[in-house]
Amino acid sequence: GVGSKPGSAGVASGTYTNQDRRERLRQLALETIDLNKDPYFMKNHIGKYECKLCLTLHTNEGSYLAHTQGKRHQQNLARRAAKIAKTQDLATFQEKKKPAARKTARIGRPGYKVVKQLDPETDQRSLLFQVSYPKIEDGLQPRHRFMSAYEQRVEPSNDNFQYILFAAEPYETIAFKIPNKKLDKGEGKFFTQWDADKKTFTVQLFFEPEKAEEMI
């Protein structure tokens, strides 16, 4: 043709051959790689393709595929895999650190006996609790604690009462409602005993004398 340099046709035909080869590779890649399953492949609103991992833009799928085989994408994939593995290791470590949940099945409430007494000499009221735990777990001892009416969530709060709770695995915790009066903490006025042979837990408590309390 007019104005064409000698040998330019040969260069052009070589360029077409390269394009054909790239196109064939692209088609082959598209057949073997399902881009819908690639979590980082995204088509944006202007019809271009994005790599969400490397934040790069590509004009077509072939260009994106060529990018995925490149060094930058492979390095980012390796970094991400290492990060995920580290997170999973941490999660596994934290899982191992959790204390094993008690597998003890609850076996209902323990049997009990409550005795109310009045000491004629001191005019003190007392309560004696005897709770039976025949199937208590080996090596365990029952526990007790006092709870105010405002701490519990079972009944409406009533300032005239407090609660005493008894607990021992595998039994259910039981609670008794007692007057919200001051307890006598003097010697011999508060008594607890665990009889490991008979499997009975005894708690005796005395309230301060009514008269003394009124005078305060």
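Tutor: Contact means heavy atoms within 4.5 Å, and, once neighbours within four places in sequence are left aside, Ile-164 is in contact with Phe-129, His-144, Arg-145, Phe-146, Ile-174, Ala-175, Phe-176, Ile-178, Val-203 and Leu-205. This is a predicted model, where local features need pLDDT of at least 70 and side-chain atom pairs count only at pLDDT 80 or more, whereas totals for chains, interfaces and linings use all residues. Residues are numbered from 1 along each chain as its sequence is written, and side-chain values use heavy atoms, without hydrogens and water.

Student: Which residues touch the most other members of the largest nonpolar core?

Tutor: Such a core is a set of buried Ala, Val, Leu, Ile, Met, Phe, Trp, Tyr and Cys residues joined through side-chain atoms within 4.5 Å, where buried means under 20% relative accessible area, exposed over 50%, and partly exposed in between (1.4 Å probe, protein chains only). Here the largest core has 18 residues, and Phe-129, Tyr-133, Ile-164, Phe-166, Ile-178 and Leu-205 touch the most other members.

Student: How is a pair of aromatic rings described?

Tutor: The distance of the centres and the angle of the planes describe it. Rings of Phe, Tyr and Trp (its six-membered ring) pair if their centres lie within 6.5 Å, and planes under 30 degrees apart count as stacked, over 60 as edge-to-face and the rest as tilted. In this structure there are 9 aromatic pairs, including Tyr-112 and Phe-176, which are edge-to-face at 4.9 Å centre to centre with 80° between the planes.

Student: Are Tyr-112 and Phe-176 buried or exposed?

Tutor: Tyr-112 counts as exposed at 52% relative accessibility, whereas Phe-176 is buried, with a relative accessible area of 12%.
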